[in-house]
Amino acid sequence: MSEKAGIERLIRPDLATFAGYAARKSPETLEGKVEVPLESIIKLDANENPYGCSPRVSQALAACPNFNIYPDDGQTRLRKLLEGYSGVDARHIVAGSGSNQLIDLVMRLFISPGDEVISCVPTFGIYSFSTKLCGGTLVEVPRDKNFAVNVSAVKAAINKRTKVICLANPNNPTGTLIPRQDILEILDTGLPVLVDEAYHEFSGQTVAPLVGQYENLMVLRTFSKWAGLAGLRVGYGLFPPQIADYLLKIKIPYNVNVAALVAVEESLKDIDYLMSTVRAIIAERGRLFAELGKLGWLKPFPSLANFILCSVLSGQATELRQRLQDKGILVRYFDQPILRNFIRISVGKPEHTDALIKALKEVAY
Ligand SMILES: Cc1ncc(COP(=O)(O)O)c(C=O)c1O
């Protein structure tokens, strides 16, 4: 580690090499760099909901008189609303500014410097980010060639420093589902297991009803994907009550804002509409998968989420991403040892699929 000078010498030395999280770029940063006007950019890089939020949310926010007042720090009303939606009693529930914040809180609760977190890679990057920020070590257990979790390898990776096991279900970026039996086997280790169900509404699978039965099961959900509220940042977790109490104690005060509460309330009044958009995305996922496969040079992997991971069989994923970006279509690319030459495409509206497939045919090499 190099000697730092000036104010930097006071910064935690373990953060000197911290890479941070590579969040997606906003379309406005692409002004003048793409061939289309900014408003025509098709954003398929962050698994957002192309149908947006419920129209009730925008109306209620425009009429909300309370933005000058802090929200209820105890999240009483919000937790009650989430109880109604999740079917899990409010004393198990903690809400966050996105489920990312709950991942961060869980790591802060369990991880002291030197502790270990097991993550089944490739998977969502925030598990690594928050582990390292707490001074912990991420133990990466590779998935198999179809991206299934290797349960015996997870169990073999456990040692006395292991504090949390992360399971994204369905997994991002692979879209893979973990069989319930495998989750139960991992829960039987007795270690805290974080089952991240950010894409639950697209998969229809959940272990939420088991939260009352296990003292080590934590389930995370979000309104970012199915309810189209990524920009308002609201997620929640279902925890054993004693863990929920600790999380409520260590969270930053007022961590979920007034607008997010209004948005949750209105979304839950409009579930039928929102679920109709989820069904449209699921139908489009099937069509996108078939169209991608027909190209012959991408290998799409079956997904139970709102995105599809593809292996790029000819050419470079990074170059492909750039050529699509030039045409105003944003996708995510991966070039890591465990995910060499892949792109991930969020499922959009039918017209987005049409534009994407046309562009892919044009940029093919
Ligand atoms: C697996 C997974 N968990 C959690 C999140 C975070 O969602 P948010 O913080 O928007 O609730 C994401 C976002 O992409 C995700 O893919």
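**Pockets and ligand surroundings**

1. In this predicted model, the lining of the second largest pocket draws at least two residues from each of α3 (99-110) and α4. Its volume is about 600 Å³, and 32 residues line it, with Y21, A46, N100, F124 and K225 lying nearest its centre. By class, that lining comprises 13 nonpolar, 9 polar and 10 charged residues.

2. The ligand takes up the space of this second largest pocket. The residues around the ligand are G98, S99, N100, F124, N172, D196, A198, Y199, T222, S224, K225 and R233, a shell that by class holds 3 nonpolar, 6 polar and 3 charged residues.

3. For S224, a polar side-chain atom lies 2.6 Å from an oxygen atom of the ligand. The protein buries 93% of the 400 Å² that the ligand exposes when taken alone.

4. The largest pocket holds about 710 Å³ of space, and among the 27 residues that line it, G125, S128, K132, E140 and Q336 are the closest to its centre. Two or more lining residues come from each of β3 (116-121), α4 (126-133), β4 (137-142) and β12 (332-336). By class, the lining of the largest pocket has 14 nonpolar, 8 polar and 5 charged residues.

How values were computed
Residues are numbered from 1 along each chain as its sequence is written. This is a predicted model: local features need pLDDT of at least 70, side-chain atom pairs count only at pLDDT 80 or more; totals for chains, interfaces and linings use all residues. Side-chain values use heavy atoms; hydrogens and water are left out. A residue is near a molecule or strand if one of its heavy atoms lies within 4 Å of it. A polar contact is a pair of N or O atoms within 3.5 Å; within protein, one must be able to donate a hydrogen and the other to accept it, and residues adjacent in sequence count only if both atoms are side-chain atoms. Accessible areas come from the Shrake-Rupley method with a 1.4 Å probe; for residues, only the protein chains shown count as cover. On a 1 Å grid over the protein atoms alone, a cavity is a set of points where a 1.4 Å probe fits but cannot get out, and a pocket is an open set with protein on both sides within 12 Å along at least five of seven lines; lining residues have an atom within 4 Å of a point. A molecule sits in a cavity or pocket if more than half of its atoms lie within 2 Å of its grid points. Ala, Val, Leu, Ile, Met, Phe, Trp, Tyr, Cys and Pro count as nonpolar, Asp, Glu, Lys and Arg as charged, and the others, Gly among them, as polar. Grid points are joined across faces, edges and corners, and a volume is the space filled by probe spheres set on the points. Helices (H or I, at least four residues) and strands (E, at least two) are DSSP runs, numbered from the N terminus.
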